[in-house]
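The following note sets out points for a colleague reading this model. Please consult the sequence and the structure alongside the text.

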Amino acid sequence: MLFRISTLALFIFICFSGNAQTYKVKGLLSSQEEAVPFATVFVKNSADSTVAKVGFSDTLGIFDISGVSNGTYFLEVKMVGLKNYLSDAFTIKDANKDMGEIEMKGDAELEAIEVVKIRPIIEVHPDKMVFNVDNTINATGENGFDLLRKAPGVIIDNQNNIMLEGKAGVQVYIDHKPTLLAGDDLVNFLKSMNATEIDKIEIITQPSSKYDAAGNAGIINIILKKDKNLGTNGTINAGYNYGIGFEGEGLNHRFNGSISLNNRTRKTNLYGSYNNGLGAQRVFLLFDRLQNGNQYVSESYITSPNKNHMARVGLDWFLNDKHTLGFITSGNYFIANASSESFTHIGLANQPFEQVLTADNITEGRNIQATGNINYRFADTLGKELIMDLDYAWFDRTSDAFQPNVYTDTMNNILFENNYRIVSPTEIGIASIKMDYSQYAWKGKLGFGAKFSMVSTKNDFRFYTVTNNVDSLVSSRSNDFNYLENIGAAYVNYGRQFGMKWNMQLGLRYEHNISKGDLYTDQGTYLDTVNRNNPQLFPSAGLTWTPSMKSIWSWTYSRRITRPNYQTLNPFISQLDELSYRQGNPTLKPQYAHNVRLSYTRNYRYTAALSYSYVQNYYAQVTDTLGFAQNFIQTRNVADEQTINLTVSLPFQVKKWWSLFINLQGYNTSYIQKDEKFKPINRTTGNIYASNTFLVKGGFKFEVSGWVNSPSIWGGTYLVGWMGSLDLAMEKKFFKDQLSVRIFANDVLFTSYWTADLQYGDLYIKGSGGWESRKVGLNLSYNFGNKEMKKNKEHKSGLEDEEKRTGGGN
C-alpha cells in the first residue's frame, strides 16, 4: 500500500514538474535570515516603469505573481522598515521567471537611531510561540525536562505529565520529530539533555494535518543547535549547580558538560555533539491517606544518581541548489539507579499510630537509546518540495529493584517483614518510512504525503519473594507482554491566499491503527483484550484574516487523538511497596479531542487567543482501593473533558536596555462523569509567566523571570494547590564574546513543589512532593572557529522536516 502511494506521489510530482504554468514571476524575500511577509511586489515594465502586475509575499516570504506577458521587466519591492528593492532588468519569454532569494536591507535611517537591540526571549506567531532558549541565561544549568517548566504556557503536574493550555496529551518533538518514549522514559530522556544543546522550543497548540494526529494538546518541538557558519566551528560548555531540596534535604552537587563541532562547506555540513550530566537529585513525597477507617501517613525520599551520556552525528550533503541528502544517528546512555527511604505510619484514623512500615528500596537499571535516519529533500524557489525519510530506532531498558517491607511497632520491634525483587526489562524497536510533497497549485499551496510506522515492544516482568537472600519466582505475578502496532497514514493539505487579507487552509489526515498485544502467564494468555483495528479521519481547517498590516485574526480547528502507551496497556502489577502498587489496563481506550482556537495578533507581537477543547474518553491515573489496606494506581477512562482557555502574550521593549515578556493564561476545566467512583470537579485556573532582560553598562546582562500557577486539577481527581518559581541570572562575555560566564539561582523561594487533595470513592488522600528545584550554579561556554556566515540560501534537511509518532513505556 505504501509503495503504491509513494509511486503515485512521485508520478504526480513529475507531472507537475513537466507541466508548470508559464508567465509567472516567483521568489523569496528575506532579511537577516528571516522571511519578509506581506511585502508589496511590483512587476514594472522596463521601458517606462509602469506597473504591469502587483502582488504580495505570504507569511513565508514567498511571492508568486501570475499573468505576466512576454516582455522585459524589473521588480520593485516595498516593506515598512526596510529599504526599497530594485532588481536588474529581466526578460520573460514563454516561461516562468524565478528570481531566487532576494535579500532586503534594513532602513539606514532606522538603523542609525537603534542603539541597543535585545533579541526577544519569546517570539509570538499566529500559529505558534517560540521560546529562544539560547537567549535566556536563566536556562543555564537546566536539563531538557526542567527547562520545559520555564516555557510560557507549559505546566508540569505532580506526576511529571506535560500540559498545554490546561490540557494533557502533549507530543514532544526533537528537531521536528516525535520522541520515541513516554512516561518515565520520556522524562529520563529529556533530563539527559543539557539546556546548552537546545536552540529554541516551539509551542504549537493547533498542528495541521501534515503532523501526526497524536497529541490532544498539541506539540512541543525542541530544536537543537546547528551552526550555520562556513568552516569549522565549535562550542564547549561546562557547568556546575548545587541543589537544595525540601527543608534542606538533598544538598547535591551536579556537573554537566558538552562539546559540539560543525564543519560546513558549500557542499556539505558535518556536525556532531556530545553531552553528559553527573550528580544526584533527590525527590520527596508525603502522603496522608484515609481508607476504611485507617490512616496511613508516609514519607518517601528518593535519590537518583542521574549519570547520562548523549551523542549525535549528522551529515547534510547539498548535491546542488535543489537536492539535499542527509544522514543522522544519535545515542543516549542513562544510568537509572535509584535508592529510596520510605516510612509509613499506620493506625486508626485520628488515633495514635500502631505500626510503621519501612521500605528502603534499591533499584539498579540503565536506559539505552539509538536512532538512525536517512533523508532526501528536493526544493526549489517555485515552491516544489519533496521530502522522504527512512527511520529506525531501538530502545532498551533494564530494571532490577529490591524491595524490603519491614513492619515494626512503636518501640521499633520487628513484627514481620516481606521482601521482594522485581526484574522488568523492556525492549522497543521502531521502523518508519515517510514522504511529503508540496507545490503551488490552483492558486494556492497543495501538500500531501504518506507514512507507515511499525512499533514492537517486548516487556518481561518477573516478581520474586526473597527469603534468606534466596529469590523465589512468583509465577502468578510474572508475565511476558509483547505488543505490535502498525500505523498507516496519508494526508492532503491545501492552503490559499485570497487577495492580501484572507488566507485559508484545509487538511484531512487518514490513519489506520492495527495493534495486537499478547500477554503470556502461567495462568494462560489474554485474548482480544489489546487488539485494535481502528481507521480514523482527522480533519483540520484554518482561516486567517488580515484587515491591516498590524492586525491578524486566525481561526483553527483540528481533531486529534492520544493513544495509550504500551506499558499502560500491560495488565499486570508493578508493586510500589507492601500496600501500594500500579496496574495496567488492557481495556483502555484512546482519547479523541476536538480543538477550536480563535486568536488575534497585533503588530506581529501582541497575541490573544481563546480556545475550546472537548476530549472524549478522557483517561487519567486514578488511585483506588483494594481490600482493607491496599491502594493502587491505574489509568482509566473516567469522563469526557471540556476545557476553555484564554491566553494573552505581551512582549514589551520598555527601554532600549530593558525587554519584558508577559504571558497570561486562564482556563476552566470541567468533566462529564463516566466512572461511577469518579467525582466530577470543575475548576478555573490561572497561570502567569514573566521574563525581564536587562543590559547594563560594562557588558553585563541580567535576567529576572518566574511563573505562578493558581490551584488547578490534575488527572480530573487531584485538586492541586498554588505553585510558582522565581529565577535570577547574570551573564558576562569576554574575549570578543567568545567566552560566556553565567551565574544563576533557580526557584529562589522554593515554591515549585506541589500539594494536592484527592477523593475517589471512599478514598481520601492529602499529599505533597517536590525535588531540588532550588539551586544555584555557574556555567562557562566558549565558542571557537570561523564566523563567516553562509550567504546562499539555507535549506532545511529532510531530517528537520520529518515527523513521526511512537509511544513508549512508563
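**Note on the model**

1. Phe284, Phe750 and Tyr753 come together as one aromatic cluster. The model discussed here is a predicted one.

2. Aromatic pairs number 20 in the structure. One of them joins Phe287 and Trp754, whose rings are 6.2 Å apart centre to centre with 50 degrees between the planes, a tilted arrangement. Phe287 belongs to strand β21 (residues 281-291) and Trp754 to strand β50 (residues 754-760), so this pair ties together parts that are 467 residues apart in sequence. Phe287 is partly exposed, at 26% relative accessibility, whereas Trp754 is buried, at 6%.

3. The rings of Tyr420 and Phe463 also form a pair: their centres are 5.2 Å apart and their planes stand at 40 degrees, so the pair is classed as tilted. Because Tyr420 lies in strand β29 and Phe463 in strand β31 (residues 444-467), the pair ties together parts 43 residues apart in sequence. Both Tyr420 and Phe463 are buried.

4. Arg421 and Asp471 form a salt bridge, with the closest N and O atoms 3.0 Å apart.

5. Arg563 sits in the loop between β37 (551-562) and α5 (566-569), while Glu511 is in strand β34 (residues 502-521), 52 residues apart.

6. In total, 17 salt bridges are counted. Among them is the contact between the side chains of Glu76 and Lys78, at 4.0 Å from N to O. Glu76 is buried, with a relative accessible area of 11%, whereas Lys78 is partly exposed, with 36%.

7. Lys732 is placed over the faces of two rings. The ring centre of Phe700 is 5.1 Å away, and Lys732 also lies over the face of Phe734, at 5.7 Å from the ring centre.

8. In soluble globular proteins, nonpolar side chains tend to be buried together. Here the largest nonpolar core has 52 residues, and those with the most contacts inside it are Leu148, Ile162, Leu190, Met193, Ile201, Ile220 and Ile222. Beyond its neighbours within four places in sequence, Ile201 is in contact with residues including Met129, Phe131, Leu148, Ile220 and Ile222. Apart from this core lies another, of 19 residues, among them Ile65, Val68, Leu82 and Ile92.

9. For the protein as a whole, five helices and 52 strands are assigned. Of its 810 residues, 53% count as buried. The accessible surface comes to about 34,900 Å², and carbon and sulfur atoms account for 58% of that surface. Among contacts between residues at least 6 apart in sequence, 68% join residues at least 24 apart.

Definitions and conventions:
Residues are numbered from 1 along each chain as its sequence is written. This is a predicted model: local features need pLDDT of at least 70, side-chain atom pairs count only at pLDDT 80 or more; totals for chains, interfaces and linings use all residues. Side-chain values use heavy atoms; hydrogens and water are left out. A nonpolar core is a set of buried Ala, Val, Leu, Ile, Met, Phe, Trp, Tyr and Cys residues joined through side-chain atoms within 4.5 Å. Buried means under 20% relative accessible area, exposed over 50%, partly exposed in between (1.4 Å probe, protein chains only). Contact means heavy atoms within 4.5 Å. Helices (H or I, at least four residues) and strands (E, at least two) are DSSP runs, numbered from the N terminus. Accessible areas come from the Shrake-Rupley method with a 1.4 Å probe; for residues, only the protein chains shown count as cover. Rings of Phe, Tyr and Trp (its six-membered ring) pair if their centres lie within 6.5 Å; planes under 30 degrees apart count as stacked, over 60 as edge-to-face and the rest as tilted. A charge sits over a ring if NZ of Lys or CZ of Arg is within 6 Å of the ring centre and within 35 degrees of the ring normal.
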